[in-house]
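User: I have a new model open and would like to go through its side-chain links with you. Could you start with the charged pairs and then move on to whatever else stands out?

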Amino acid sequence: QVQVVESGGGLVQAGGSLRLSCAASGSIFSIGDMGWHRQAPGKQREPVATITVGGGTNYSGSVKGRFTISRDNAKNAVYLEMNSLKPEDTAVYYCAAELSGSAYWGQGTQVTVTS
């Protein structure tokens, strides 16, 4: 059974930093694109950053220049370095991974940024 687990969320003051980690385990035959999405209360889930198996990246306009996504294919892992955090970044962050041709989601990790 494939499992995707996030970690690294927490409470931080505006201007601070957090590093989110996500690792996939289980019966994985291949790995494709990976990324991070977030959902704030009362809002739709939105993509934050994605990274292809070859290392190509894409960021939403609101996080560009502040967040950095990276991956380690040998570990089936993806990371999100979050800097200069703002209160509007507060949300549950979800890891998404394309594994063996199917999409998998983690349970989410809460990020709360205070003023």
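Analyst: A search of the whole structure finds four salt bridges, where a salt bridge is a side-chain nitrogen of Lys or Arg within 4 Å of a carboxyl oxygen of Asp or Glu. Please keep in mind that this is a predicted model, in which local features need pLDDT of at least 70 and side-chain atom pairs count only at pLDDT 80 or more, while totals for chains, interfaces and linings use all residues. Residues are numbered from 1 along each chain as its sequence is written, and side-chain values use heavy atoms, with hydrogens and water left out.

User: OK, which residue forms a salt bridge with R19?

Analyst: That is E81, with the closest N and O atoms 3.5 Å apart. E81 lies in strand β8 (residues 77–82) and R19 in strand β3, so the pair ties together parts that are 62 residues apart in sequence; strands here are DSSP runs of E with at least two residues, numbered from the N terminus.

User: What about R38, which side chains meet it in a salt bridge?

Analyst: The side chain of E46 meets R38 at 3.0 Å, N to O, and D89 also forms a salt bridge with R38 at 3.0 Å, N to O. D89 sits in the loop between β8 and β9 and R38 in strand β4 (residues 31–39), so this pair links distant parts of the chain, 51 residues apart. Through shared partners, salt bridges join R38, E46, R66 and D89 into one network.

User: How accessible are R38, D89 and E46?

Analyst: R38 is buried, with a relative accessible area of 5%, and D89 is buried at 1%, whereas E46 is partly exposed at 36%.

User: Then which backbone nitrogens does the E6 side chain reach?

Analyst: It reaches the backbone nitrogen of C95 at 2.8 Å, and the backbone nitrogen of Q107 lies 3.1 Å from a polar atom of the E6 side chain.

User: Last topic: how many disulfides does the search find?

Analyst: It finds one disulfide, a disulfide being a pair of cysteine sulfur atoms within 2.5 Å. C22 and C95 form it, with their sulfur atoms 2.0 Å apart. C22 is in strand β3 (residues 18–25) and C95 in strand β9 (residues 91–99), so that the pair links distant parts of the chain, 73 residues apart. The link is left-handed, with -80 degrees about the S-S bond. C22 counts as buried at 1% relative accessibility, and C95 counts as buried at 0%.

Notes
Helix = DSSP H or I, 4+ residues; strand = E, 2+ residues; numbered from the N terminus. Buried < 20%, exposed > 50% of the residue type's maximum accessible area, 1.4 Å probe, protein only. Polar contact = N/O pair within 3.5 Å; in protein donor to acceptor, adjacent residues only side chain to side chain.
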